[in-house]
Amino acid sequence: MRATAYAHTNIALVKYWGKRDDGGRGLNLPAVGSLSLTLDRFGTETTVELSETERHDHLTLDGVERTGPELERVSAFLDLVRGQARRELHARVTSRNDVPTAAGLASSASAFCALALAATRAFGLTLDGCNLSILARQGSGSAARSVYGGFVLMHRGQAEHGEDCFAEPLPAALDVRLVVVRCGSGPKMVGSTSGMGHAQRTSPYFPAWVATHARDLDDARAALAAADLPKLGEVMEHSTFKMHATTFAARPPFFYPTSTTMAALAAVRELRAGAVGAWATMDAGPHVKVLCAPGDATRVAEAMAAVPGVFGVDVAAPGPGARVLEAPA
Ligand code: 2P0
């Protein structure tokens, strides 16, 4: 009744931002599909141990026992697993992030993916990738994508209960690197769930974001199929700037870039002006992730490390899907 799983984080090249109406069922259905890259760096290891005697769930994250909203979110997720397993046991969840938590490096993606895998195995359930991604999505939309390695497509789906809203791997002949440029420290100002909700409710750009999104996904998939890195980079930048534009036009406005972020973006443009293929993406935080060919990664990383204010630079390659480290026989 104890299982441990590890999931890597992923970064969306074509972003998920906003939710579709699920009639208050808590299904966490995205307003748009997305296309991501699972990284070989950064991730979460989670152990779930079931207990016959505990009367509620416990959560220890990075060595600190958590209560309040963090525990409630994990408990609500475990309720889904208890429902599927038809067992009422409570759990001790112990989780270790090698992603700076809540800093916009997508810790909820690896966290809820690792939790979904460890919890189902602890309860004696073995889900296939599709059903594991459907479950992980209900913890955090981006977590559905970390089930798989490499490039991953997340389907928006149409079905009322979200059974067609799952991730699948996208085999590609293209090898890339993602240079992760830390442009700030500490927790972000606006969490992604509340940020996307506020943008969806108040930004006049949000309908345009949704209306133009399917074309971005098609273009990105075509670029991957053709192993065309410049085309993939161009549509990736378009998707991220459109997502961030919804926040600038929200009422009241909010935004994630800092002055360091803007300097990093300028450095990416300078690299391109110097004929180095480099394209930027940003999530719900200040950091910049730069897509490039493997052979350009060192040059890109050096250029980004030289930007004033940058805290650190990591070069990530495509990484594997989530895996079980320990499970009941
Ligand atoms: C993404 N982000 O596609 C987008 C881009 C952030 C910006 O998915 O509300 O933590 O838990 O489903 O998964 C982060 O949002 O949101 C995210 P919830 P999540 O990676």
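1. The shell of residues around the ligand is drawn from both parts of the protein, with at least three residues coming from each of domain 1 (2-172) and domain 2 (177-316). This should be read with the reminder that the model is a predicted one. Among secondary-structure elements, helix 4 (residues 192-202) supplies the largest share of that shell, namely 3 residues.

2. The ligand has 17 residues around it, of which Tyr16, Lys19, Gly141, Ser142 and Thr193 come nearest.

3. Several side chains place a polar atom within reach of ligand oxygen. In Thr193, which is also one of the residues that come nearest to the ligand, a side-chain N or O atom is 2.7 Å from an oxygen atom of the ligand. For Ser108 the corresponding distance, from a polar side-chain atom to a ligand oxygen, is 2.9 Å, and for Arg73 a side-chain N or O atom is found 3.1 Å from an oxygen atom of the ligand. The ligand, which would expose 470 Å² if taken alone, has 94% of that area buried by the protein.

4. As to the overall division, the protein consists of domain 1 (2-172) and domain 2 (177-316), and the C-alpha centres of these two domains are 23 Å apart. The contact between them involves 27 residues from domain 1 and 41 residues from domain 2.

5. Helix 6 (residues 229-248) deserves a separate remark on its geometry: its 20 residues reach 29 Å from the first C-alpha to the last, which is close to the 28 Å expected at 1.5 Å a residue. At the start of this helix, Asp228 brings a side-chain oxygen to within 3.1 Å of the backbone nitrogen of Lys231.

6. Two backbone features may be checked against the model, given that most residues other than glycine have a negative phi and most peptide bonds are trans. The peptide bond that joins Arg251 and Pro252 is cis, with omega at about -10°, and Pro252 has its place in the loop between helix 6 and helix 7 (259-273). Phe42, although not a glycine, has a positive phi of about 70°, and this residue lies within strand 2 (residues 34-51).

Key:
Residues are numbered from 1 along each chain as its sequence is written. This is a predicted model: local features need pLDDT of at least 70, side-chain atom pairs count only at pLDDT 80 or more; totals for chains, interfaces and linings use all residues. Side-chain values use heavy atoms; hydrogens and water are left out. A residue is near a molecule or strand if one of its heavy atoms lies within 4 Å of it. A polar contact is a pair of N or O atoms within 3.5 Å; within protein, one must be able to donate a hydrogen and the other to accept it, and residues adjacent in sequence count only if both atoms are side-chain atoms. Accessible areas come from the Shrake-Rupley method with a 1.4 Å probe; for residues, only the protein chains shown count as cover. Helices (H or I, at least four residues) and strands (E, at least two) are DSSP runs, numbered from the N terminus. Domain bounds come from an automatic or database domain assignment. The expected span of a helix is 1.5 Å times one less than its number of residues. Contact means heavy atoms within 4.5 Å.
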